[in-house]
Amino acid sequence: RVRVWVRVRVRAKHNPQPHPIQVRGLVGAAQHNGQQGLVVGYDLATARYTVRLMRDGSLLRVKHANLLQRLPVELMGLRERAHLNGRGGVIVGCDEASGRYHVRVPASPQSAGTGLAGAVEAAPGDTVALQLSNLMLPAGARVTACNLTGSGEYNGRIGSVTSYDRSSARYAVQLSSTHVLR
């Protein structure tokens with residue numbers, strides 16, 4: 001079973017389109033934490049991404065772990081806020097301590113995400129904090145496998161979501177051209 005603890009991240013070298021991200025966890029340049037930007041490049045030699053900051057257009061080179069993808073998601077499995085199940089939203093932040101993702105749910109009943117379901121009390125247009133198990137990530141999302149017990153050798157590996165099976169509540173994650181983790 002794939003249990004993917006996702007610090008939803010980007011790997012630009014696999015997708016030439018600029019990706020919206022949020023910078024986080026920087027120590028030496030902490031003034032950039034929380035800023036939004038676009039991944040515009042990847043340097044294989046240094047394993048750093050080039051990010052164009054939205055604030056002023058400046059370029060910043062950061063590690064994979066310091067990027068949070070701002071992904072469209074579908075909310076699912078919510079009990080207290082069952083009215084949000086099936087609604088779409090966008091990941092806008094993450095609380096590392098609680099393991100919850102901050103998801104903005106649009107005011108319109110139309111989904112901004114993939115059409116998946118979720119459960120938390122919120123008015124449309126609000127931001128809610130949800131566990132990964134209440135989010136369906138879209139195909140193509142870059143994820144890091146964590147807390148795998150039966151396949152522990154894959155912990156820490158980065159891959160791309162290829163699909164989500166609702167009946168088993170499992171992701172299929174492409175780790176390499178020949179290996180898919182399920």
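From the N terminus on, the elements run β-β-β-β-β-β-β-β-β-β-β-β-β-β. That makes 14 strands and zero helices. Keep in mind that this is a predicted model.

**The whole chain**

Begin with everything selected. The protein has 182 residues, and 44% of them count as buried.

**The open sheet**

Select strands β6 to β10. In what order do the five strands of this open sheet stand? The order is β9-β8-β7-β6-β10, and the pairing is antiparallel. The edges are taken by β9 (127-131) and β10 (135-136); each has a single partner strand, so one side of each is left without a neighbour in the sheet.

Zoom in on β10 and its partner. Strand β6 (residues 72-75) and β10 run antiparallel and are joined by two bridges. To find the place, select Leu75, which stands opposite Leu135 in β10.

Now select residues 158-165, which are strand β12, and residues 170-174, which are strand β13. The two strands run antiparallel, with five bridges between them. Ser160 stands opposite Gln174 in β13. Together β12 and β13 form a hairpin with four residues between them. In that turn, pick Ala169: its phi is positive, at about 55°.

Go on from β13 to strand β14 (residues 180-181). These two pair in the antiparallel sense over two bridges, and they form a hairpin with five residues between them.

**Aromatic pairs**

Show the side chains of the tyrosines named below. The structure holds two aromatic pairs. One is Tyr42 with Tyr49: the ring centres are 4.6 Å apart and the planes lie at 50°, so the pair is tilted. Are its members buried or exposed? Tyr49 counts as buried at 1% relative accessibility. Tyr42 is partly exposed because its relative accessible area is 22%, and the limit for buried is under 20%.

Tyr164 and Tyr171 form another tilted pair, with 4.7 Å from centre to centre and 55° between the planes. Tyr171 is buried, with a relative accessible area of 8%.

**Salt bridges**

How many salt bridges are there to visit? The count comes to three.

- Select Arg61 and Asp43. Their side chains meet in a salt bridge, 2.9 Å from N to O. Arg61 is in strand β4 and Asp43 in strand β2 (residues 36-43), so the pair links distant parts of the chain, 18 residues apart. Arg61 counts as partly exposed at 44% relative accessibility, and Asp43 is partly exposed too, with a relative accessible area of 26%.
- Select Arg55 and Asp56. The closest N and O atoms of this salt bridge are 3.3 Å apart. Arg55 counts as exposed at 54% relative accessibility, while Asp56 counts as partly exposed at 45%.
- Select Glu74 and Arg166. In this salt bridge the closest N and O atoms are 3.2 Å apart. Glu74 lies in strand β6 and Arg166 in the loop between β12 and β13, so the pair ties together parts that are 92 residues apart in sequence. Glu74 counts as buried at 1% relative accessibility, whereas Arg166 is partly exposed with a relative accessible area of 48%.

**Last stop: Asn66**

Select Asn66, in the loop between β4 (59-63) and β5 (67-69). Is Asn66 buried or exposed? It counts as buried, because its relative accessibility is 12%.

Now show what surrounds Asn66. Leaving aside neighbours within four places in sequence, Asn66 is in contact with Gln22, Val23, Arg24, Gly25 and Leu26. Pick Arg24 from this list: its backbone oxygen lies 2.9 Å from a polar atom of the Asn66 side chain.

Technical notes:
Residues numbered from 1 in each chain as written. Predicted model: local features only at pLDDT ≥ 70, side-chain atom pairs only at ≥ 80, totals over all residues. Heavy atoms only, no water. Buried < 20%, exposed > 50% of the residue type's maximum accessible area, 1.4 Å probe, protein only. Polar contact = N/O pair within 3.5 Å; in protein donor to acceptor, adjacent residues only side chain to side chain. Contact = heavy atoms within 4.5 Å. Pairing = 2+ DSSP bridges. Phe/Tyr/Trp six-rings, centres within 6.5 Å; stacked < 30°, edge-to-face > 60°. Salt bridge = Lys/Arg side-chain N within 4 Å of Asp/Glu carboxyl O.
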